[in-house]
Amino acid sequence: MTAREGSLEAPTRHPIDWQNPEFYNEEACFDELERIFDICHGCRRCVSLCGSFPTLFDLLDAGESGEIDGVDKKDYWKVVDQCYLCDVCYLTKCPYVPPHPWNLDFPHTMLRAKAIQFKHGSPTKFRDTTLSNTAANGKLASIPVVAQTVNALSKVKAARAIGEKVMGVHKDAWVPEFTTKVFEKNAKVSAGFPVKNGDRSKGKVAIYTTCYVNWNEPGIGHDLVKVLQHNEIPYVVVEKQACCGMPKLELGDLDSVASLAKENLPRLAALAREGYSIMTPIPSCTLMFKQEIPLMFPNDPDAQAVKAAMVDPFEYFQLRRKDGLLKTDFKEELGNVSYHISCHLRVQNVGQKTRETLEMIPGTAVNTVERCSGHAGTWGVKKEFHEMAMKIGRPVFRQMAEHPKANGGQGGDPDVIASDCQLAGHHIEQGMAGKADGKVEHPLSLLARAYGL
């Protein structure tokens with residue numbers, strides 16, 4: 001009896017068996033890659049998502065047989081290198097994910113291959129490891145003289161050209177500036193508001209800052225605090241937090257992910273058990289604690305407690321709205337907003353809560369773009385992938401630039417460019433070639449502005 005075509009059940013995820021020595025068996029991994037690639041060959045509906053699928057299908061079509069047996073297994077690595085673990089294929093496109101009997105998990109099989117690759121080492125391992133040390137880089141670059149120097153050199157073409165040769169960071173890729181006024185040290189202490197629990201939402205919040213907000217754009221964190229204060233929601237900032245581990249996960253460095261989880265989970269779990277909702281301003285970090293870390297540690301009660309408490313900020317605000325506890329006293333219109341839904345928010349399966357919140361604001365028209373921008377964390381700045389990152393983002397750049405409500409409904413440039421992933425926002429700004437310069441604002445900053453804060 002043949003397996004049915006596709007599946008109507010909701011996708012389910014199996015734990016990541018990364019502590020099993022067999023996980024690092026390259027031959028067994030390649031057998032699974034071959035099985036999955038053969039299924040993908042007969043489907044091809046993911047061809048537009050990222051570079052992995054066109055790369056795979058080109059290899060298949062160029063082979064003598066036109067089938068998977070005509071592809072040299074050494075070329076499998078070309079497919080693996082194009083995957084940046086966005087998870088969109090699994091949760092939005094693939095009809096053969098569990099509970100379908102074919103049990104196809106493309107991203108976590110890519111993760112397994114990346115973990116094997118990282119164990120063996122690669123020519124770019126030093127560069128990749130350095131870029132993924134986001135907290136360490138932030139702490140170093142937050143030293144005043146260092147920050148000024150790094151930020152200045154990032155704008156000098158000659159310095160960027162040297163950086164491309166030495167570190168493998170593409171000379172044209174947008175890179176974030178560093179701040180000396182890190183969020184953790186400058187966050188405003190919460191006022192003593194009473195805790196008001198709703199039927200759907202908890203009445204107090206713990207903010208997991210994220211490396212990016214802490215070391216690069218602390219204003220996003222301050223705007224989140226303003227919104228919480230305005231809505232009389234007491235909060236704390238998580239103390240002594242480490243990186244969520246997403247940059248390490250994307251690299252396949254699972255031992256480092258585990259080490260970071262060991263630092264974070266006890267503190268976060270204690271807050272979860274004290275009745276806090278835990279939120280992060282960047283979707284990738286939320287996803288790590290909602291999905292990847294619980295799948296790596298399925299039997300760890302701390303990991304599961306944090307998973308249950310972790311919430312996207314706008315998911316939380318919409319729950320507060322349904323509880324009748326979110327203020328809607330907006331004072332400023334936002335105009336025409338082109339809003340991009342990042343991949344790591346899409347795959348959380350919470351719906352378009354940011355869009356719903358922004359659409360509550362009078363005088364605000366939201367043009368929603370639901371497609372990968374191509375940035376993908378550190379992947380999009382690497383010299384061997386940056387041009388592909390820009391190519392993947394072209395449809396997004398085009399759609400973000402054409403707001404249907406602009407020019408009296410004739411269409412045109414938006415007033416604001418926004419993405420829950422601020423890295424994606426700046427990548428889109430770069431791809432729009434001058435049409436969005438200075439227009440990028442994080443949705444949390446837009447919400448604070450709409451409140452007049």
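Modeller: Contact means heavy atoms within 4.5 Å. Helices (H or I, at least four residues) and strands (E, at least two) are DSSP runs numbered from the N terminus. The model is predicted, so local features need pLDDT of at least 70 and side-chain atom pairs count only at pLDDT 80 or more, whereas totals for chains, interfaces and linings use all residues. Residues are numbered from 1 along each chain as its sequence is written, and side-chain values use heavy atoms, with hydrogens and water left out.

Colleague: What makes helix 23 mostly covered?

Modeller: Buried means under 20% relative accessible area, exposed over 50%, and partly exposed in between (1.4 Å probe, protein chains only). In helix 23 (residues 443-450), 7 of the 8 residues are buried. They are Pro443, Leu444, Ser445, Leu446, Leu447, Ala448 and Ala450.

Colleague: Against which elements do the buried residues of helix 23 pack?

Modeller: Their partners are helix 12 (218-230), helix 17 (313-322), strand 5 (335-340), helix 19 (353-358) and strand 7 (416-419). Just after helix 23, Gly452 has a positive phi of about 80°.

Colleague: Why is Cys285 called buried?

Modeller: Its relative accessibility is 8%, so Cys285 counts as buried. Cys86, at 12%, also counts as buried.

Colleague: Which residues touch the most other members of the largest nonpolar core?

Modeller: A nonpolar core is a set of buried Ala, Val, Leu, Ile, Met, Phe, Trp, Tyr and Cys residues joined through side-chain atoms within 4.5 Å. Among the 118 residues of the largest core, they are Phe37, Phe106, Leu249, Leu254, Ile278, Phe289 and Phe317. Helix 14 (residues 254-273) gives the most to this core, with 9 residues. Beyond its neighbours within four places in sequence, Leu254 is in contact with residues including Trp18, Phe23 and Met296.

Colleague: How do you know that strand 3 pairs with strand 4?

Modeller: Two strands pair if DSSP finds at least two bridges between them. Strand 3 (residues 277-279) is joined to strand 4 by 2 bridges, and the two run parallel. Met279 stands opposite Val311 in strand 4. The open sheet has 4 strands in the order 2-1-3-4, with parallel pairing.
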